[in-house]
Amino acid sequence: MKRSMIHVPAAIAASLLLAAGALAKVPAAEADKLGKSLTCVGAEKAGSASGVPEYVGKWQGVPPGMKYTPHVGQHPVDPYAGEKPLFTISSENLAQHAERLTDGQKAMFAKYPKTYRIVVYPGHRDFRYPDSMCAVAKKNALESEMNADGLGVKSFKGAVAFPMPKSGNEALFNMLLPFRAFNEHTIRDTANVLSNGSVAFGRAENKSMDHTNKPEEIGKPLEGVMAQTLNVIMLPEREKGTVSVSSEPVNFGVSKRLAWSYDPGTRRVRQVPLFGFDNPMPGTGGKMTTDADRFFNGSPERYNWKLVGKREVYVPANTFGLHANTVKYADLLKPGHANPDLIRYELRRVWVVEGSLKEGFRHLFGKRVLFLDEDTWHAVMSDIYDARQQLWQHAVAGYYYTPDTQAWHSGNSFFYDLNSGGYVAYNLFQERPIGPLLNKGNLTPDMFTPDAARAAGN
């Protein structure tokens with residue numbers, strides 16, 4: 001079998017020989033590449049002969065000609081709606097493209113040879129971050145450091161902590177602390193799709209506040225709380241009114257994730273012990289763990305994280321069309337997997353980060369391989385292994401640029417169980433009258449307390 005090539009940039013080659021908790025800062029001469037040969041978040045501007053597009057960054061906010069009103073919950077508008085696919089990868093021509101597919105993608109072709117396919121479109125790297133964010137990212141490159149335990153960051157000021165990462169933990173914290181919406185209010189649906197194609201739906205109202213990207217905080221050293229969330233279950237009926245609130249620290253070596261839950265049956269609020277890790281996500285039939293949202297969240301303490309290098313991979317990209325309000329769940333949610341015709345793939349460079357469960361620690365997942373888009377540091381795919389190191393799940397996420405935030409936003413995620421044949425479609429909102437409300441209003445910390453959970457449940 002032909003091996004997939006891993007590209008290790010010279011800037012990180014030597015550092016991969018060091019421990020994952022290496023604390024070295026980026027020299028000024030190296031940081032000067034940001035905004036020149038590299039984008040401000042460390043992506044290579046140049047394209048590749050095999051089809052990765054050149055970074056252009058010609059658009060910030062609403063592109064010319066697009067009819068879009070920010071901050072009202074408008075569903076995404078696709079600036080590439082008229083494009084035709086370059087080609088489609090199927091089980092018949094899989095061998096031609098295997099070098100640029102992950103093990104999880106290949107497993108999907110093996111399990112669903114007649115229906116699974118990857119529709120590949122022309123690549124685009126047209127959107128850019130605000131200049132103010134880029135200035136903070138460069139300052140982080142010069143000053144941000146991992147703590148010795150690998151569980152927190154020093155001198156982090158928002159934006160991206162390590163545009164030129166030297167270790168798996170640094171790359172992981174770029175994913176945990178990305179530049180994104182500083183507040184969000186969404187009513188989202190979850191679909192648990194069984195192997196026979198039947199669907200059980202859940203629904204929740206979710207509010208979140210990201211302190212790392214609040215306008216009054218970005219550019220300052222951040223400590224204490226990273227983010228806060230409030231989640232109110234609306235469906236199924238038996239769980240309606242259940243409320244949870246959580247608080248996420250910037251430094252997991254000093255503080256822990258805290259969470260409280262309101263039970264409408266007892267009308268009591270209780271603290272949730274050990275919230276996160278492999279606790280099952282409600283409404284997913286056990287296919288999705290709490291720490292699988294965005295493919296990994298929470299404390300990295302249970303895994304050894306390795307920066308493998310870069311690869312060119314076909315990944316979901318510019319998935320505006322997937323999230324349009326014209327998409328119906330009945331058309332999207334097919335037996336075995338989501339409708340391939342609705343998910344746009346492009347050839348992109350991704351950082352490969354591998355997490356292996358530490359000896360003496362427990363988790364359902366023995367290994368997690370994350371594929372982080374070099375332009376955004378978001379995890380766009382993940383291959384997940386069980387305790388026996390057998391491939392268990394393949395997960396994909398659709399991200400799209402939002403004028404509301406001038407950044408990329410996490411849309412639908414699909415978690416495919418390669419054993420049972422079922423899957424979870426998470427964070428659906430196509431059939432909601434209003435899409436995600438981003439950076440609108442003034443969410444405050446007192447909206448995410450145990451008292452707030454009790455009030456939301458009444």
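**First stop: Thr 284**

Select Thr 284 and Met 288: a polar atom of the Thr 284 side chain sits 3.4 Å from the backbone oxygen of Met 288. That is a polar contact, meaning a pair of N or O atoms within 3.5 Å where, within protein, one must be able to donate a hydrogen and the other to accept it, and residues adjacent in sequence count only if both atoms are side-chain atoms.

Bear in mind that this is a predicted model, where local features need pLDDT of at least 70, side-chain atom pairs count only at pLDDT 80 or more, and totals for chains, interfaces and linings use all residues. Residues are numbered from 1 along each chain as its sequence is written, and side-chain values use heavy atoms, with hydrogens and water left out.

Is Thr 284 buried or exposed? Its relative accessible area is 0%, so Thr 284 is buried (under 20% relative accessible area, 1.4 Å probe, protein chains only). Now show Thr 190, Asn 192 and Val 424, which Thr 284 touches, leaving aside residues up to four places away in sequence (contact means heavy atoms within 4.5 Å).

**Next stop: β12**

Select residues 345-357, strand β12: 10 of its 13 residues are buried, so the rest of the structure largely encloses this strand. On one side, β11 runs antiparallel to β12, joined by 13 bridges (strands pair if DSSP finds at least two bridges between them). Pick Tyr 314 and you'll find Leu 347 of β12 opposite. Finish on Glu 354, whose bridge partner in β13 is Val 369.

How values were computed. Buried < 20%, exposed > 50% of the residue type's maximum accessible area, 1.4 Å probe, protein only. Helix = DSSP H or I, 4+ residues; strand = E, 2+ residues; numbered from the N terminus.
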